[in-house]
Structure formats: C-alpha cells, structure tokens
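These are my notebook entries on one protein chain.

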Amino acid sequence: MRRLSIPITLLVAFLLTFPLVAVLYLAAVLIGVAFPPFNLFDLVARLLPGNLLTFGIDLMVDSIRALNLGATDDTAKLAEQTMAVAMFAGITLGAALIYLQTAPGLLARSATFSRDSRLSGIVFGLVFGTPFLLISLSLDRAATAPTLATAVWLIAAFGLWGLVLGQTLYLLTRQMPEPTREAGVTPLSRRQFLIQIGGAAATITLFGTGLAALINSSRATATELLSASGDIAARLPNANDPVQPAPGTRPEYTPLGQHYRIDINTGSGPALDEETYRLAVNGLVEAPLELTLEEIRALPSMEQFVTMSCISNRLAGDLISTTLWMGTSMQNLLDLARPLPEATHIKITAADGFDEYVDLATIRGDETVMLAWAWDGQALTQRHGFPLRIHIPNHYGMKQPKWITGMEFVSEWGEGYWVRRGWDRDALVRATSVIDTVAVDMMVIDAAENRFVPIGGIAWAGTRGIAQVEVQVDGGAWQDAQLRRPLSDRAWVIWRYDWQFEPGEHTFAVRCVEADGTPQIETVEGVRPSGATGIHSVSETL
C-alpha cells in the first residue's frame, strides 16, 4: 500500500470538499434543514471582538461602494455567505488532507484494508461533522425542518462523505493493475479514476448549487415581489402634490423587494412558525403575558409611512428605505402588562440572539412607537423580521430588533448587541440630504427657451422633519430647493431644484435644515459610532 503524494492528496481533498458543500446547500433549500457553513460564520461573528467585527463591516461596505458592486445590503450579504462557504470549505479541505495523509499509515497492517478504510472514513466523517452539528443545533434559526430532521440529515451527510473519502483512499492506495483486456475487462488506471472522480464532483457541485439557486430565486419572486406596492403607490397621501421628483430620484416609496436589509444573520434570518409563536412579556410587570400572533394582531392597529436607515449607511448610501408599517402602539402592550413602578426599560430579545433596550419613558411619550407585524400591506417576510419587529421613531435601525420573541421589563438600561460592540448608545438619527440625480437628459425648457436641468434627491432628519433644502453650484450661493410634501412626519422629504443649464464641468452640493431651524451637520464624520455626517456633492460634465 502506497501513501498518496501531496499533489494527489490535494486534488482528491478538493474534489470531495465542494460536492459536500453543494449537497448541504441543496438540502437546506429543498427540505429546510440547517446549512452548517452559515452557522459556523455566525458563531465566529458573535465571538469576534466588536472593533474587529465593525472594521470588517466597514471594509466590506467601503469596498462595495468604491467598486460599485450593486446594492450594499444584497452585495454585503452575498460577500458574507461567500466567506462562510470559503471558511467551511477550507476547514473541510484541511481535514480531508489530514485524513488522506495519515490513514494509510494507521491502516498499513490491516488485513481487511478495503473494509477498514471505509469504516475509518465513516468514523472520521462523523467525528469531523459533530462540531458542525452541535453549532447548527445551537445557533440555527433559519431552518424550517424539525430539529431532528437537521440532526439526522447532517449525521447522514457527514457519514456518507467520510465513506466516500475512505473508499477513494482505498482505491487510490491499493496496487492498481496495469491495463489489460483479459476477459474483455479494462481496469481503470489511477489517472482515469481521478478523472471520473473529477467529473462526478463537478456534476454534483454544479447541479446542487444551480438547482438551489434557481429555487431560491423563485421563492424570492413569490414572497418579495408579490406585494401591495402598486396599490399603495396609487394612494400615497401626497399624490397630488405639485412638486414632482426630478427624474432619476430614488422611488419615494420603496418596493418591498428593494427595502434594505441589515442584520446579524449570514442566511435568511430566523424562520418562526406562526402557529406555535408566542411573545413572552415578563419581568417587572403585574401581568406576565404569552401572546399569540393572533392576539397581538387583535390589538388596536395603526399604519404609518416610515423611513428607516442603518447607522452604517455612508453619506448618500442606499441603506435607507421608506415603506408602510402596520402594527400596534407599544402603549397598548404596557396597558396589558402593567409595568411595576421600578421598571424603567424593556429588554427586547430576538430569535437570532439580538437584543436591545428601550426606555419606557420613550414609549409613554410617543404613541407611535410601534410593534409591527406588516410591511407594505402584507405580513412581514422572513428576511424582514417575521413575525414582529419594533419601530422607535428617530432612531437608526440598530436600535430596532426584528424576529422579536421576548420582552423583559427591567429596572435599568443595559448595553444592546451593537452597543456592546462599540456603536452609539442612543443611535439618534442625524440629518442628511442627498443628491440622487442631475437629470441632464430631462431638461425643462420654459417659454423663453431657457433650459433647466432637474436636480433632486432626499432629505431626512427622523421625526424632527425638514424645513429647508438648499443647493449650491460650483461653490456659489446656496439656493432654496422645492420640497415635496412627505408621506408622513416619519418619512423622508423629496426635494427638487431646477438649475439653469450651463455647459461645462460643475459641482453640485446639498444641505438641509431641520424643522426647528437646526442646520445639518456639515463636518465630515464617518459612520462609527453615531452615523455619518457631512455635505454630499457630485461633479458632472454637462
């Protein structure tokens, strides 16, 4: 029996690693079991020091913007998933290398090498897979299949992978006969055998990943795009406002499929069952509760057009969206639970391990603090926080948990998930104004044949409102833009400025003033720890 050379070992380990990843991914999509690479990556992300984690997030977002790779949230999520698969594949590849190099020596004196190599492979696969099984069972919340199904599947998958590894080892290390045509049979050479392994591995990998991607795409179309956006857009409260957005301005109302999504999950987020769901309300209350989703939806409801932004949104970034929220005021929950006098905050926990604290004074002082169950006229989707999420006006998204499972009334404030990782304690929205478009191809010509270029974008200051937006051209005087009536006092403002056209290279800048006269912060600051500030400008050659 011969020990495999390093090049052959590398090749075999590589060829047997990626089919395992593909099969695990296909099973996760088809039958809803856990996908170990994503769970491993989630574990690592939770264990990383906060400054290292946020450095990685910053690097990823800056790279996406610098290279113009597409929507920040989708591209970042794809990058996370790619890193997760690469991490898992690297670990699996390394383990396979160790097995293929050490097993021949351990089995050298075996009288039944064929049987023992297969058995050793199975044992190795099960031992190797056990940590991933435990991680998945403890962390995974995205699986829709029962926990037992995930456990059985992962045991079978890793055991089968080990069996194939052991059998391949046996076939490659035994003395392969020279090709002969005795009895019409031509035994395979080692090279031919490796070619067959490569073909099978490529087929399984491409088929598994391709089919899973196709299924995922079909599901996204069914759940994200079949929303009520069209109906809602037709009845927006400012539909008759005379100020129309400049051509190229981002949609005033964000379709559900385009609403940004940022969370701590590598995959699609927790999958909670509506029938068994219970919201636990306990702690310093007179009446602890366990509410079903049906009971929560039966509470007095409210609708509100809401703009929400991620605190890590860069100046003029796309991690900001506006949609119609539906839910109940958190004051209704206080009426049911009846907090004790010593209760000052609610610790909100989510199915994915996220947690945050909300001041009871904030809830009591603002009836629009909402426990929401619907967006865009339909129940929350899995990726956006089904079954419940909270909206706290005037705060960035990091303070607003989704996939909510528990609310504990406590006597003091505590650091939430992102605060523990170095972000701002309060995460109050900072005023921002953005140029979305310089619509040189959509010039407006007046009666005197003067040509005007529509310039437009958004301005937002949370609940504080926008009183004024000004545009500056080439460092000149600031000029007032027109403001379109916002969808609500929780939504961004669309602004427009028609600039008299002059050919050449020009720089356009924008700033805003809050409703109480507070000017936008013009000093440039990065996103950490409190959100980006500064004047947005664009340069165009017209």
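**Terms and source.** I call a residue buried when its relative accessible area is under 20%, exposed when it is over 50%, and partly exposed in between (1.4 Å probe, protein chains only). The model is predicted, so I note that local features need pLDDT of at least 70 and side-chain atom pairs count only at pLDDT 80 or more, while totals for chains, interfaces and linings use all residues. Residues are numbered from 1 along each chain as its sequence is written, and side-chain values use heavy atoms, with hydrogens and water left out.

**Confidence.** I looked up pLDDT, the predictor's confidence in each residue, from 0 to 100. The chain has a mean of 91, and 92% of its residues reach 70 or more. Over residues 175-185, pLDDT stays under 50.

**Salt bridges.** I counted a salt bridge where a side-chain nitrogen of Lys or Arg is within 4 Å of a carboxyl oxygen of Asp or Glu. The structure holds 22 of them. One joins E470 and R511, at 2.7 Å from N to O. E470 lies in strand 14 (residues 466-473) and R511 in strand 18, so this pair ties together parts 41 residues apart in sequence. Strands (E, at least two residues) and helices (H or I, at least four) are DSSP runs, numbered from the N terminus. E470 is buried, with a relative accessible area of 12%.

D74 pairs with R383, their closest N and O atoms being 3.5 Å apart. D74 is in helix 4 (residues 72-106), and R383 is in the loop between strand 8 (378-379) and strand 9 (389-391), 309 residues away. D74 counts as partly exposed, because its relative accessibility is 42%.

**Cores.** I defined a nonpolar core as a set of buried Ala, Val, Leu, Ile, Met, Phe, Trp, Tyr and Cys residues joined through side-chain atoms within 4.5 Å. The largest has 41 residues, and F409 is among those that touch the most other members. Strand 7 (residues 370-375) gives this core its largest share, six residues. A second, separate core of 39 residues includes I8 and L100.

**Cysteines.** I recorded zero disulfides in the structure. C310 is buried at 9% relative accessibility, and C512 is buried at 3%.

Methods. A disulfide is a pair of cysteine sulfur atoms within 2.5 Å. Contact means heavy atoms within 4.5 Å.
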